[in-house]
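Before reading on, take a moment to look over the model and its sequence together.

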Amino acid sequence: MSRGGRDKDRSEPERRCIATGVSGPTAPLVRFVVGPEGDVFPDVAEKAPGRGMWVSADRAAIDLAVKKNLFSRSAKAPVKAPADLSERVEALLTRRLQDALALARKAGLAHMGFDTVHRRLKSAPVAALIEASDGSEAQRAKLRPMAGEAPVISCLSREELGLAFRRDNVIHAALDAGGVTKTVLREASRLNGLRGHEAVSID
């Protein structure tokens with residue numbers, strides 16, 4: 001039984017954060033590997049060869065791993081971790097979330113615009129409500145209650161959301177279930193950790 005009383009999915013791999021010591025599924029973690037020159041770099045796609053080192057998707061945890069030289073301890077060899085590693089991770093996760101949203105848009109799973117989102121929320125439950133971090137608080141307050149228990153993604157600015165939707169800026173969007181939606185939720189949850197927002201549920 002996992003935290004919160006849920007049964008663990010035994011098929012899901014677990015990894016230990018080298019900064020916090022907490023073990024769990026890989027969804028809220030970032031994988032790091034050591035390159036040929038002994039440099040640590042983030043493998044946010046989790047496909048790079050080599051032994052992975054995992055850190056919670058949290059700015060403080062990544063900064064601690066750099067400051068305390070925990071990557072060298074985990075690798076059992078001297079390695080170099082750049083001081084701006086958390087900023088590099090944030091940039092990569094931002095791009096991954098934008099790419100996932102772009103795929104959701106192309107698949108017809110993402111809807112944008114206040115009026116469109118308002119109608120979508122009235123018609124049926126959504127998988128997630130998306131709002132720009134620098135959008136109108138008054139408009140955001142009107143839509144949030146309509147989303148019910150759906151997670152709220154608010155870690156991207158209007159310009160960052162605009163890039164995902166091929167617009168100058170986007171403030172409101174809604175996400176339907178299916179397809180790439182789970183990927184969107186996972187990347188949003190990881191980016192939230194780097195930007196100090198509340199975690200996004202990916203159940």
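A residue is called buried when its relative accessible area is under 20%, exposed when that area is over 50%, and partly exposed in between. Keep this in mind for strand β7, which spans residues 128-131 in this predicted model.

Strand β7 belongs to an open sheet of four strands, arranged in the order β6-β9-β7-β8 with mixed pairing. The edge strands of this sheet are β6 (110-112) and β8, each of which pairs on one side only. Then turn to the side of β8, where V152 is the bridge partner of L129 and I153 stands opposite I130.

The model also has an open sheet of three strands, in the order β4-β3-β5, and here the pairing is antiparallel. Which strands of this sheet stand at its edges? They are β4 (40-42) and β5 (53-56), and because each has a single partner strand, one side of each is left without a neighbour in the sheet. From one strand to the next, the twist averages 35 degrees.

Strand β3 (residues 29-34) pairs with β5 in the antiparallel sense over four bridges, and along this pairing L29 stands opposite S56, while R31 stands opposite W54. Strand β3 also pairs with β4, again in the antiparallel sense, over three bridges, with F32 standing opposite P42. These two strands, β3 and β4, form a hairpin with five residues between them, and G38 in the turn has a positive phi of about 85 degrees. Five of the six residues of β3 are buried, so this strand is largely enclosed by the rest of the structure.

In general, most residues other than glycine have a negative phi. Against that background, E46 has a phi near 60 degrees, a positive value in a residue other than glycine, and this residue lies in the loop between β4 and β5. With 26% relative accessibility, E46 counts as partly exposed. N69 likewise has a positive phi, of about 60 degrees, although it is not a glycine, and its place is in the loop between α1 (59-67) and α2 (70-75). At 43% relative accessibility, N69 also counts as partly exposed.

Helix α1 leads on to the packing of helices. Its axis and that of α3 are 8 Å apart, and the two helices pack at an angle of about 140 degrees. Angles over 145 degrees would count as roughly antiparallel, and α1 and α3 are therefore described as oblique to each other. In this contact, R59, I62, D63 and V66 of α1 meet L85, S86, E87, V89 and E90 of α3. By kind, these contact residues divide into four nonpolar, one polar and four charged.

The last stop is the interior. In soluble globular proteins, nonpolar side chains tend to be buried together. The largest nonpolar core of this model has 47 residues, and F32, V55 and F71 touch the most other members. Its largest share, seven residues, comes from helix α3 (residues 85-106). A second, separate core has eight residues, among them V117, L143, A150 and A174.

How values were computed. Residues numbered from 1 in each chain as written. Predicted model: local features only at pLDDT ≥ 70, side-chain atom pairs only at ≥ 80, totals over all residues. Heavy atoms only, no water. Core = buried A, V, L, I, M, F, W, Y, C linked by side-chain atoms within 4.5 Å. Buried < 20%, exposed > 50% of the residue type's maximum accessible area, 1.4 Å probe, protein only. Pairing = 2+ DSSP bridges. Axes fitted to C-alpha atoms, helices over the stretch in contact; angles between N-to-C directions. Parallel < 35°, antiparallel > 145°, perpendicular 65-115°, else oblique. Contact = heavy atoms within 4.5 Å. Nonpolar A, V, L, I, M, F, W, Y, C, P; charged D, E, K, R; others polar.
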